[in-house]
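Look at the sequence and the model below before reading on.

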Amino acid sequence: MPPTPRPVPTPLTTLALFLALTATPAVADEGGPSEPPGTVSSAAPPEVDGGAGGLRLEPGAQLAPAKVLDIKSVVEDLGGEERREDTPESVTLALQAEVLFPKNSSRLNPEAKARIAAIAEEIAGQQATTVRVFGFTDDLGSYAHGEKLSKDRADQVQRELAAHLGPDVSYEVRGYSEDYPIADNSTEEGRRKNRRVEITFQKQASPEPSASAPSGG
(Lines give C-alpha, C1' and ligand atoms only; values in the text may rest on other atoms or scores of the structure.)
Protein backbone atom coordinates (compact mmCIF):
# COMPACT_ATOMS: atom_id res chain seq x y z
CA MET A 1 0.00 0.00 0.00
CA PRO A 2 1.23 3.52 -0.68
CA PRO A 3 1.99 5.52 2.50
CA THR A 4 -0.89 7.59 3.87
CA PRO A 5 -0.26 11.27 3.09
CA ARG A 6 0.33 13.40 6.20
CA PRO A 7 -2.22 16.19 6.76
CA VAL A 8 -1.08 19.64 5.75
CA PRO A 9 -1.25 22.21 8.59
CA THR A 10 -3.92 24.85 8.13
CA PRO A 11 -4.53 28.16 9.93
CA LEU A 12 -7.23 26.44 11.98
CA THR A 13 -4.76 23.71 12.98
CA THR A 14 -2.34 26.36 14.16
CA LEU A 15 -5.12 28.06 16.13
CA ALA A 16 -6.06 24.77 17.79
CA LEU A 17 -2.48 24.10 18.86
CA PHE A 18 -2.14 27.65 20.20
CA LEU A 19 -5.33 27.38 22.25
CA ALA A 20 -4.32 23.97 23.63
CA LEU A 21 -0.90 25.22 24.70
CA THR A 22 -2.11 28.47 26.27
CA ALA A 23 -4.90 26.87 28.30
CA THR A 24 -2.46 25.67 30.98
CA PRO A 25 -2.26 28.03 34.01
CA ALA A 26 1.05 29.84 34.42
CA VAL A 27 3.43 28.49 37.06
CA ALA A 28 5.87 30.82 38.79
CA ASP A 29 8.88 28.54 38.46
CA GLU A 30 8.33 28.34 34.70
CA GLY A 31 8.57 32.06 34.16
CA GLY A 32 5.03 33.37 34.76
CA PRO A 33 3.44 34.36 38.08
CA SER A 34 0.36 32.62 39.39
CA GLU A 35 -2.57 34.90 40.13
CA PRO A 36 -4.93 35.23 43.10
CA PRO A 37 -8.68 34.61 42.76
CA GLY A 38 -10.55 37.45 41.11
CA THR A 39 -7.84 38.05 38.51
CA VAL A 40 -9.80 37.66 35.28
CA SER A 41 -9.25 38.40 31.63
CA SER A 42 -10.61 41.69 30.37
CA ALA A 43 -12.22 40.10 27.32
CA ALA A 44 -14.29 37.01 26.56
CA PRO A 45 -12.42 34.14 24.87
CA PRO A 46 -13.13 33.48 21.20
CA GLU A 47 -15.66 30.82 20.26
CA VAL A 48 -14.03 27.88 18.47
CA ASP A 49 -16.00 24.97 16.98
CA GLY A 50 -14.24 21.88 18.29
CA GLY A 51 -15.96 19.78 15.67
CA ALA A 52 -14.75 21.77 12.68
CA GLY A 53 -13.26 19.45 10.10
CA GLY A 54 -10.40 21.78 9.32
CA LEU A 55 -8.93 21.26 12.79
CA ARG A 56 -7.93 17.68 11.88
CA LEU A 57 -7.95 16.49 15.50
CA GLU A 58 -7.02 12.91 16.33
CA PRO A 59 -10.01 10.61 17.01
CA GLY A 60 -11.33 11.33 20.50
CA ALA A 61 -9.19 14.45 20.95
CA GLN A 62 -10.78 17.64 22.25
CA LEU A 63 -9.72 21.27 22.28
CA ALA A 64 -8.73 22.75 25.63
CA PRO A 65 -10.97 25.63 26.78
CA ALA A 66 -10.09 28.87 25.00
CA LYS A 67 -8.70 31.75 27.03
CA VAL A 68 -7.58 35.31 26.35
CA LEU A 69 -4.01 36.33 27.14
CA ASP A 70 -4.05 39.98 28.15
CA ILE A 71 -1.26 42.22 26.92
CA LYS A 72 0.92 42.95 29.93
CA SER A 73 3.95 45.14 30.46
CA VAL A 74 6.08 43.99 33.42
CA VAL A 75 8.92 46.17 34.71
CA GLU A 76 11.11 45.36 37.70
CA ASP A 77 13.62 47.78 39.19
CA LEU A 78 17.29 46.88 39.28
CA GLY A 79 17.25 45.62 42.86
CA GLY A 80 13.99 43.76 42.39
CA GLU A 81 12.40 45.78 45.19
CA GLU A 82 9.42 46.87 43.10
CA ARG A 83 7.64 45.09 40.27
CA ARG A 84 5.12 46.94 38.10
CA GLU A 85 2.62 45.20 35.85
CA ASP A 86 0.50 47.25 33.44
CA THR A 87 -2.43 46.01 31.39
CA PRO A 88 -4.75 48.19 29.32
CA GLU A 89 -7.18 48.21 32.28
CA SER A 90 -5.13 48.13 35.48
CA VAL A 91 -1.83 48.58 37.32
CA THR A 92 -0.37 46.14 39.86
CA LEU A 93 2.59 47.21 41.99
CA ALA A 94 4.39 44.50 43.97
CA LEU A 95 6.61 45.88 46.75
CA GLN A 96 9.03 43.56 48.52
CA ALA A 97 8.28 43.20 52.22
CA GLU A 98 11.87 44.12 53.15
CA VAL A 99 11.31 47.54 51.59
CA LEU A 100 8.20 48.16 53.68
CA PHE A 101 8.69 46.34 56.99
CA PRO A 102 11.35 45.15 59.43
CA LYS A 103 11.94 41.38 59.36
CA ASN A 104 8.93 39.35 60.53
CA SER A 105 7.04 42.57 61.35
CA SER A 106 3.99 44.44 60.05
CA ARG A 107 5.17 47.88 61.21
CA LEU A 108 5.86 50.18 58.27
CA ASN A 109 9.31 51.70 57.81
CA PRO A 110 9.45 55.51 57.48
CA GLU A 111 10.75 55.09 53.92
CA ALA A 112 7.78 52.87 53.10
CA LYS A 113 5.32 55.63 53.92
CA ALA A 114 6.85 57.92 51.31
CA ARG A 115 6.65 55.17 48.69
CA ILE A 116 3.03 54.39 49.53
CA ALA A 117 2.19 58.10 49.36
CA ALA A 118 3.57 58.19 45.80
CA ILE A 119 1.39 55.19 44.89
CA ALA A 120 -1.64 56.91 46.44
CA GLU A 121 -0.95 59.93 44.26
CA GLU A 122 -0.99 57.74 41.14
CA ILE A 123 -4.22 56.05 42.27
CA ALA A 124 -5.82 59.47 42.75
CA GLY A 125 -4.58 60.57 39.33
CA GLN A 126 -6.30 57.55 37.76
CA GLN A 127 -9.49 58.33 39.71
CA ALA A 128 -9.66 54.70 40.83
CA THR A 129 -12.45 53.95 43.29
CA THR A 130 -11.50 50.35 44.16
CA VAL A 131 -8.05 49.19 45.27
CA ARG A 132 -6.89 45.64 46.02
CA VAL A 133 -4.16 45.20 48.63
CA PHE A 134 -2.90 41.60 48.87
CA GLY A 135 -0.10 40.34 51.13
CA PHE A 136 2.13 37.31 50.44
CA THR A 137 5.02 35.48 52.12
CA ASP A 138 7.55 32.85 51.11
CA ASP A 139 7.14 29.15 52.02
CA LEU A 140 9.35 29.22 55.13
CA GLY A 141 7.58 28.79 58.46
CA SER A 142 4.01 27.61 58.98
CA TYR A 143 1.21 28.47 56.60
CA ALA A 144 -0.89 29.91 59.43
CA HIS A 145 1.90 32.28 60.52
CA GLY A 146 2.41 33.41 56.94
CA GLU A 147 -1.32 33.96 56.49
CA LYS A 148 -1.52 36.21 59.56
CA LEU A 149 1.67 38.13 58.72
CA SER A 150 0.66 38.68 55.09
CA LYS A 151 -2.80 39.93 56.12
CA ASP A 152 -1.38 42.23 58.82
CA ARG A 153 1.03 43.75 56.31
CA ALA A 154 -1.71 44.23 53.73
CA ASP A 155 -3.82 45.94 56.42
CA GLN A 156 -1.01 48.36 57.25
CA VAL A 157 -0.50 49.31 53.60
CA GLN A 158 -4.25 49.78 53.15
CA ARG A 159 -4.46 52.10 56.16
CA GLU A 160 -1.61 54.19 54.84
CA LEU A 161 -3.24 54.44 51.40
CA ALA A 162 -6.58 55.38 52.98
CA ALA A 163 -4.92 58.21 54.91
CA HIS A 164 -4.03 59.80 51.55
CA LEU A 165 -7.03 58.82 49.42
CA GLY A 166 -9.97 59.65 51.65
CA PRO A 167 -13.37 57.95 52.05
CA ASP A 168 -14.38 57.63 48.39
CA VAL A 169 -12.10 54.63 47.72
CA SER A 170 -13.09 51.08 48.71
CA TYR A 171 -10.58 48.29 49.37
CA GLU A 172 -10.26 44.55 49.06
CA VAL A 173 -7.60 43.39 51.54
CA ARG A 174 -6.37 39.80 51.87
CA GLY A 175 -3.40 37.79 53.12
CA TYR A 176 -2.43 34.73 51.06
CA SER A 177 0.60 33.41 52.99
CA GLU A 178 2.81 31.42 50.58
CA ASP A 179 0.13 31.00 47.89
CA TYR A 180 0.58 32.51 44.43
CA PRO A 181 4.38 32.90 44.27
CA ILE A 182 5.93 35.01 41.52
CA ALA A 183 9.42 33.48 41.86
CA ASP A 184 11.20 30.27 42.86
CA ASN A 185 11.02 29.65 46.62
CA SER A 186 14.11 27.40 46.51
CA THR A 187 16.44 30.43 46.39
CA GLU A 188 16.74 33.41 48.73
CA GLU A 189 16.36 35.79 45.79
CA GLY A 190 13.09 34.12 44.84
CA ARG A 191 11.81 34.06 48.42
CA ARG A 192 12.57 37.79 48.73
CA LYS A 193 10.40 38.50 45.70
CA ASN A 194 7.59 36.35 47.06
CA ARG A 195 7.56 38.25 50.38
CA ARG A 196 5.57 41.16 49.03
CA VAL A 197 2.47 43.35 49.13
CA GLU A 198 0.61 43.92 45.87
CA ILE A 199 -1.49 47.01 45.19
CA THR A 200 -3.84 46.85 42.20
CA PHE A 201 -6.05 49.63 40.85
CA GLN A 202 -7.94 50.39 37.66
CA LYS A 203 -6.74 52.83 35.04
CA GLN A 204 -8.90 55.72 33.98
CA ALA A 205 -10.61 55.01 30.68
CA SER A 206 -9.09 56.98 27.82
CA PRO A 207 -11.56 59.47 26.31
CA GLU A 208 -12.88 58.66 22.88
CA PRO A 209 -11.32 60.86 20.20
CA SER A 210 -13.78 63.48 19.08
CA ALA A 211 -14.50 63.93 15.40
CA SER A 212 -13.05 67.13 14.04
CA ALA A 213 -15.60 69.71 13.00
CA PRO A 214 -15.72 70.42 9.26
CA SER A 215 -14.07 73.64 8.29
CA GLY A 216 -16.32 76.41 7.00
CA GLY A 217 -16.23 77.31 3.32
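Which residues lie nearest the centre of the second largest pocket? In this predicted model, they are K103, N104, D138, L149 and R195, out of 15 residues that line the pocket. Its volume is about 310 Å³. Two elements, α2 (97-100) and α4 (143-165), each give two or more residues to the lining. Helix α4 supplies the largest share, four residues. By kind, the lining divides into six charged, five nonpolar and four polar residues. Rolling a probe the size of a water molecule over the atoms shows where empty space is left.

One of the residues nearest the pocket centre, N104, is found in the loop between α2 and α3. Its backbone deserves a look. Most residues other than glycine have a negative phi. N104 is not a glycine, yet its phi is positive, about 60°. A positive phi also occurs at Q127, another residue other than glycine, where the value is near 55°. Q127 lies in the loop between α3 and β4. Is Q127 buried or exposed? Its relative accessible area is 58%, so Q127 is exposed; the cut-off for that word is over 50%.

Now step back to the whole chain. The protein has five helices and six strands. Along the sequence they follow the pattern α-β-β-β-α-α-β-α-β-α-β. Of the 217 residues, 32% are buried, that is, under 20% relative accessible area. The protein exposes about 13500 Å², and carbon and sulfur atoms supply 54% of that area. Among contacts with a separation of 6 or more, 69% are between residues 24 or more positions apart.

What does the inside look like? In soluble globular proteins, nonpolar side chains tend to be buried together. Here the largest nonpolar core has 23 residues, and those touching the most other members are L100, I123, V131, V157, L161, I199 and F201. Both helices and strands contribute: β3 (90-96), α2, α3 (110-125), β4 (130-136), α4 and β6 (196-202) each give two or more residues to this core. The most come from α3, which gives five.

L161 lies in helix α4. Why does L161 count as buried? The reason is its relative accessibility, which is 0%. Leaving aside neighbours within four places in sequence, L161 is in contact with I116, I119, A120, I123, V131, V133, Y171 and I199. Not counting residues up to four places away in sequence, I199 touches V91, T92, L93, I119, I123, V131, R132, V157 and L161.

T137 is placed in the loop between β4 and α4. With a relative accessible area of 8%, T137 is buried. Which residues does T137 touch, not counting those up to four places away in sequence? They are G146, L149, S150, S177, E178, N194 and R195. Two of them, L149 and R195, are also among the residues nearest the centre of the second largest pocket. T137 and K151 are 14 residues apart in sequence and 9.8 Å apart in space, C-alpha to C-alpha.

E85 has its place in strand β2, residues 82-86. Its relative accessibility is 13%, so E85 counts as buried. From E85 to T200 is 115 residues in sequence, but the C-alpha atoms are 9.2 Å apart in space.

The last stop is Y176, in the loop between β5 (170-175) and α5 (188-194). Y176 counts as buried because its relative accessibility is 10%. Along the sequence Y176 and E147 are 29 residues apart, and in space their C-alpha atoms are 5.6 Å apart.

Conventions. Residues numbered from 1 in each chain as written. Predicted model: local features only at pLDDT ≥ 70, side-chain atom pairs only at ≥ 80, totals over all residues. Heavy atoms only, no water. 1 Å grid on protein atoms, 1.4 Å probe; cavity = no way out; pocket = protein on both sides within 12 Å on 5 of 7 lines; lining within 4 Å. Points joined across faces, edges and corners; volume = space filled by probe spheres on them. Nonpolar A, V, L, I, M, F, W, Y, C, P; charged D, E, K, R; others polar. Buried < 20%, exposed > 50% of the residue type's maximum accessible area, 1.4 Å probe, protein only. Contact = heavy atoms within 4.5 Å. Areas by Shrake-Rupley, 256 points an atom, 1.4 Å probe, with all protein chains shown as cover. Core = buried A, V, L, I, M, F, W, Y, C linked by side-chain atoms within 4.5 Å.
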